[in-house]
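This report describes the contact between two protein chains in a predicted model. The structure is shown first, and the description of the interface follows.

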Amino acid sequence: MKKKITLLLILLLIPFQLGMVSYNYSFHGEVLHSSAGYNYITHVNQQSLGVRYSNPRDFVVYEDHVYLLATVDNKDALLVLNLDLELVDIIQEFELTPEYESYVQGQVTETFTLINSFYEHFFEEKTFYPGTKLPMSESDKLIEVAQISWESSSVSNITNDGKTSNNSDENVLVNITLKIELWGQVFENTFTVTIGTLEEGLVAKPSGSKTEYEIDENFEIQKLNELLYLEFDETKYITVQDIIDDFIDRLAVDDEGNVKNEFVYEDYKFTFSENTPTEENPSKYTNIKMVSQVSTITNEDADKIHSSMFEVPYKTKNAYGLDVVDSGIYIADTDNGRIVKLTHDFKVKDTFYDVEDETFKELAYRPIKISVDQSERMYVIARNAYEGIIELDSNGSFNRYTGVNPIKLTPLQILRRMLMTEAQRAKLEKFLPTDYTNLIVDDKNFIYATAKARENNAENMIQLINPKGIDVLTRTGYHPPMGDIMYVEGKNNYVIDGPSNLVDIAIGKNGIYSVLDDKRSRIFTYDSEGNLLYVNGDKGYQSDRFNQGVALSYLNDNLLVLDASGSIVVYRPTEFGESVNKAVELHYNGQFEEAAELWEKVLKLNTNYEVAYNGIGKYHLRLGNYKEAMANFKLGHDQFYYSKAFKNHRNQIIKENFTWIFMGVIVLVISIPVYKNRKKIFRKRGDQ
Amino acid sequence: MKEKFKKFFNDFIKFPVYVLFHPFDGYEDFKRFKKGKLWVAITYLVLFAILGVLQIQYNGFIINDVNPKEINSLKQIFSVILLVVLFVVGNWSVTTLMEGKGNMKEILMVTGYSLLPIVLIGYPSILISRFVTLEEVGLYKLILGIGYFATGWMLFMGILNIHEYGLGKTIAAFFLTVVSMLVMIFVALLFFDLIQQFLSFIKMIWRELNLRL
């Protein structure tokens, strides 16, 4: 009966045991079974929190709260939980502190100048073709919160929403007045706009916010360029007809197989009808229309003007990064292109917009992750910025880039590039340094950062960047810290391939750090020397698993994982994990004896754990039991310490047996001449 | 007995060492006066093949970090034999065309004799490797390096002398030997692949016939 119950229990429990991924890598890179370092204890999700949120993006544990960034009702929200993971507060709108409000008041004039300079640049020394639509009705795009109105001195020539016309034979000058109202302040400026005369064969009509041009097929390109400030190729085409002739053979075909009479040339979309030329009507193409594909006001222009600064109360837009420190709460407000600094009672204290660097003159500044150090310097990862981590001063001014991801080429690639011509090389995929995915600053102002894996550079996925900007991560473990070491390369349908994709890094105690792999949903924990301590986590939809990890954080000794589904999974160290952590701590503090005792215990819990032997070995080395130390280092594959122990062991042997060794040497030295002269010596004796 | 031992010592150690330090005179004796012995050459070949196995098995922990699961003594021995056979055949076929004076037996003997330094240094170095610390690994590697260099030197001088070549021609012969070795490997792989395909073809026909009849 007892046997049957045991058997039944084993059968019931085996699936639970097998469901857990618990492995480690041996010195030779083989996967070894290992005890689990962390076990699931609980989880919270939308149901248990009682709030529907989606797309969680980051979370931070600070003092006695957990701060979580997610979307609630299609708007960004900062969820505040207490340490028992119960919802305390949801904040979607942030009030301003009085100091910051007066700062914004001061920024109004600057914004006026920016808007003014945009229009000045647009109207400057240009003659507009009659019928062209001016970007007045589009002015909302520049800044939504301000009231912008236009007044024209001659409505028959320019209407208040920007339609132009000219019926006379001469250029007409019209004054238009811009009036902006923002935060109670008013700004006015008058521009003089020149409207040209009509040409035969070109008719402009406003079409929405853009202008549609109807052109005759014989209209000259050169003239078109002059009138509309275009840059069409004059050497290749003479008239509009030539352009269409060029494109007619490669027109797009719609779903039903009909040829669409439209194509795009230099940002302009052309439509036309095709005719068979007759004597009465010799034209090949009629009804030619040309519309610009780009808006007059681009996002780039709008980015320079910080519209979001004047929208009160403040809301974040797709904010991806969060950090909470003593000086406040920092949110990387991605789509608004700014960093919002809040006080601990969620009032806006400051915002940081532009980064004064060449890169962001062409690229919109989209901060995705942020971490703040003790002296309030901000470290920011921006989307598509390959230069490294952006370091901002406490007042938001750009300092420098820190930590650059090196690019490594294999010898074959170098050879191939050497043999290529300049043109071929340009066509090749660009070898950009990989972008960082996440970062966290520790209490010594060192940055732990994770980066995406690149071809033959997967070993640099985890970096510890010192204040000088150099990667100083210790990689003395069996393998460099990089998540999974063994993986399938190349696409296949059966298993996930490629190196781990690390998305977050969390710092534990005593130099222990953990990284989160969202590809295989695993957490790898390393000690300060780069030894892989344990691997845990498993992919799945069950509540003890996570399907796509987003963020990782330590809560005391527990590990919290934020899943893309919105659940927070809590892992607690097992007896094995706790012993390892404690042993690492003792070892870190130099208490080798206590550490060795714990390592012994660890070995009982997990015989495959090779790292433990090194801990025991170090204890024996200190004690002077060199032989035992050697045996342990051999089991732990630590050649460096084995060599140390062996050297001492060798010296010990030599010291103990010095008399014998010395005598042996003397005997050897004497015996050689004796042997050589043996005949002489023996003969003499024989004679006597 | 003493005479026999003296002769053995002379053939096995003294003469090869003499060849190492006096390559021109040594190989002259080797070729013209038939002082080279085939059994000595083969013994050195065997010793070299065994050396590789012993190194993997008994080298000190500091030098040796081979995965024990991947050790295969037979593979180790066969790879040495294969290499030697390929070299001898390749060199013979190249030098025959290049008016070399040596025959295949002599090439094999030169190959065997030139392994003397690495065998003489290699066996004691296994012992040494067990007594060095990490700082002294450089010394160990230097000693081993000297052994390999001397082997290369002896092989080069041997080929030069038995074929009665000049310096440039010897270098060319070595280069072409490597090429011919690669060609042989290629042909062998091709041959095995074709045989395999041919066999599977016959097997398929046999199966087909069995199913039909």
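In this predicted model, 14 residues of chain A are in contact with 15 residues of chain B, contact meaning heavy atoms within 4.5 Å. About 1200 Å² is buried between chain A and chain B, with 58% of it on carbon and sulfur atoms; buried area is the accessible area (1.4 Å probe) that two parts lose on being put together, summed over both.

Between chain A and chain B there are 3 salt bridges, each defined as a side-chain nitrogen of Lys or Arg within 4 Å of a carboxyl oxygen of Asp or Glu. Arg650(A) is paired in this way with Glu136(B), their closest N and O atoms lying 2.9 Å apart. On the side of chain A that touches chain B, two or more residues are given by helix H13 (626–635) and by helix H14 (639–656) of chain A, helices being DSSP runs (H or I, at least four residues) numbered from the N terminus. The largest share of that side, 7 residues, comes from H14(A).

Confidence is expressed as pLDDT, the predictor's value for each residue from 0 to 100. Chain B has a mean pLDDT of 91, and 100% of its residues reach 70 or more. The lowest and highest elements of chain B are tabulated below.

| Element of chain B | Mean pLDDT |
|---|---|
| Helix H2 (residues 23–32), lowest | 85 |
| Helix H8 (residues 167–212), highest | 94 |

The model scores ipTM 0.82 and pTM 0.79.

Residues are numbered from 1 along each chain as its sequence is written, and chains are lettered from A and ligands numbered from 1 in the order in which they are written. Local features need pLDDT of at least 70, side-chain atom pairs count only at pLDDT 80 or more, and totals for chains, interfaces and linings use all residues, while side-chain values use heavy atoms, with hydrogens and water left out.
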